[in-house]
Amino acid sequence: MRPFFLLAASVPFASTAFAQNDECTSATAVTAGSFMFDTSTATQSPEFWPCAGNGGPDLWYSITAPSNGQITIATCGSTYDTALEAFDGVCGSLTSLVCNDDACGLQSSITFSANAGSTYFFRIGGWNGSSGSGVCLVNDGTPVIN
């Protein structure tokens, strides 16, 4: 009887883990507060960036306004040159509300008027192909109680 040997081979596989919220149709719903993000596995959406050079890999989010007022979104303190853009409408038929690059150093901040119960989309991307990680701060106008 021959001895049985199990030979394990290490074969590299090309694998790309795409971000789940890589397009508007799969936007992640957020509320006021902060969250971490990383665009390094994202792709660039086909929507034109009016403020970000040629744009860069982006991630999509949605927020429903709890009341009439201002929504502010910022990536200040992130590790790369970010861009932000907010939209009204539905995926496939969006209207750009505001776009910003470099409001706080190389990071971005946007503010727009929102109507209670309305859902808005925003994307976090990079300037001219930049990607990386960071923190996003969302203020939906709700008073902060300490």
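**Charged pairs, a sheet and a core**

Trainee: Which residue does Asp-58 form a salt bridge with?

Mentor: Asp-58 pairs with Arg-123, and their closest N and O atoms are 3.1 Å apart. A salt bridge here is a side-chain nitrogen of Lys or Arg within 4 Å of a carboxyl oxygen of Asp or Glu.

Trainee: And where do those two sit?

Mentor: Asp-58 is in the loop between β2 and β3 while Arg-123 is in strand β8, so the pair ties together parts that are 65 residues apart in sequence. Strands are DSSP runs (E, at least two residues), numbered from the N terminus. Bear in mind that this is a predicted model: local features need pLDDT of at least 70, side-chain atom pairs count only at pLDDT 80 or more, and totals for chains, interfaces and linings use all residues. Residues are numbered from 1 along each chain as its sequence is written, and side-chain values use heavy atoms, with hydrogens and water left out.

Trainee: How many salt bridges are there in the whole structure?

Mentor: Two. In the other, Glu-85 meets Arg-123 at 2.7 Å, N to O. Salt bridges with shared partners join Asp-58, Glu-85 and Arg-123 into one network.

Trainee: New topic. In what order do the four strands of the open sheet come?

Mentor: β2-β9-β4-β7, with antiparallel pairing; strands pair if DSSP finds at least two bridges between them. The edge strands, β2 and β7, each pair on one side only.

Trainee: How many bridges join β2 to β9?

Mentor: Six. Phe-37, for instance, stands opposite Gly-134 in β9.

Trainee: Last one: how many residues are in the largest nonpolar core?

Mentor: It has 21, and Phe-35, Ile-73, Phe-122 and Ile-124 have the most contacts inside it. Such a core is a set of buried Ala, Val, Leu, Ile, Met, Phe, Trp, Tyr and Cys residues joined through side-chain atoms within 4.5 Å. Among the elements giving two or more residues to this core are β2 (33-38) and β8 (119-126).

Notes
Buried means under 20% relative accessible area, exposed over 50%, partly exposed in between (1.4 Å probe, protein chains only).
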